[in-house]
Amino acid sequence: MKKSVYWLLAVVITLVLSVYQRMTGPTHPKKVTVELNGEQYKMKLPRSGVQQDEIISFPASRKVTAQLHYRRYPTSDAYTTIDFSYTDGELQAALPVQPVAGKLQYYITVDGKDYPADEPIVIRFRNDVPASILVPHILLMFASMLFAVYTFLLVISRKPYRCWLWITTATLFVGGFILGPMVQHAAFGPWWAGFPYGTDLTDNKTLLSFLCFLVALATLKWKYNRWVVSIAVLFMIAIFSIPHSAYGSEYDYSKQELKN
């Protein structure tokens, strides 16, 4: 099989994994369809906000009765309720900005019906991360997954793979341990929120994956190294399928401080 086919397979697999992680992550907007007199209005309820009031809006062809309910999370506060305002064909209401890593739990009511119907949405606020840091971080993390999958395809087809194993490990290090902490610091303050300082799932899964690749590099001369590399790649795919940004930094309203 030609290497161009391997690259094509690697790109497809990486794209599928990336889309899955994005769609299932706790920062991805919740899609909701509001029904009014037989008409459907689609809206996205945000689950991530920067340091400004977060506007909740959706188009409507007529004025309707709608409210936004929110409270600090996780607390036992009573919900605050505000009415949506109708402006230029849209209903709008604002969630008040919270401290960095502060969260709000919210839902909306339209003509007496609650959305989402299952459970309220949780939104976390952060600082805006400069594109000069965020874009290279995302690209390198994407590249590390792409190179890892390509390495795995070379391993199972018994072709030389050591060079790509080194490239994968180096890319993961730069993206996850140089640019990753820079993104974490810009967004929430701490440079590292994983083990041993916190429970941030993104930091922890990056650490575990990197350790697996270090083991693969350390055993390059072992005759069963192909198995070690395969396990490292499959482990990386498995843990990177876990939703992004889960169990991350959170503002403790009772202590008025950030916790990891």
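Modeller: I'll call a residue buried under 20% relative accessible area, exposed over 50% and partly exposed in between, using a 1.4 Å probe and protein chains only. This is a predicted model, so local features need pLDDT of at least 70 and side-chain atom pairs count only at pLDDT 80 or more, while totals for chains, interfaces and linings use all residues. Residues are numbered from 1 along each chain as its sequence is written, and side-chain values use heavy atoms, with hydrogens and water left out.

Let's take α1, residues 3–24 (helices are DSSP runs of H or I, at least four residues, and strands are runs of E, at least two, numbered from the N terminus). α1 has 22 residues and reaches 32 Å from first C-alpha to last, close to the expected 32 Å (1.5 Å times one less than the number of residues).

Its buried residues are Tyr6, Ala10, Thr14, Leu17 and Gln21. Looking down the axis of α1, they sit within an arc of 65 degrees, so they line one face of the helix (the arc is that of the directions from the helix axis to the C-beta atoms). An α-helix has 3.6 residues a turn, so residues three or four places apart point the same way. Over on the other side of α1, Leu8 and Val16 are exposed.

What does the buried set of α1 pack against? It packs against α2 (131–156), α4 (201–218) and α5 (225–240), with contact meaning heavy atoms within 4.5 Å. Seen from α4, the cover over its buried residues includes α1, α2, α3 and α5. Those buried α4 residues include Phe210, Phe213 and Leu217.
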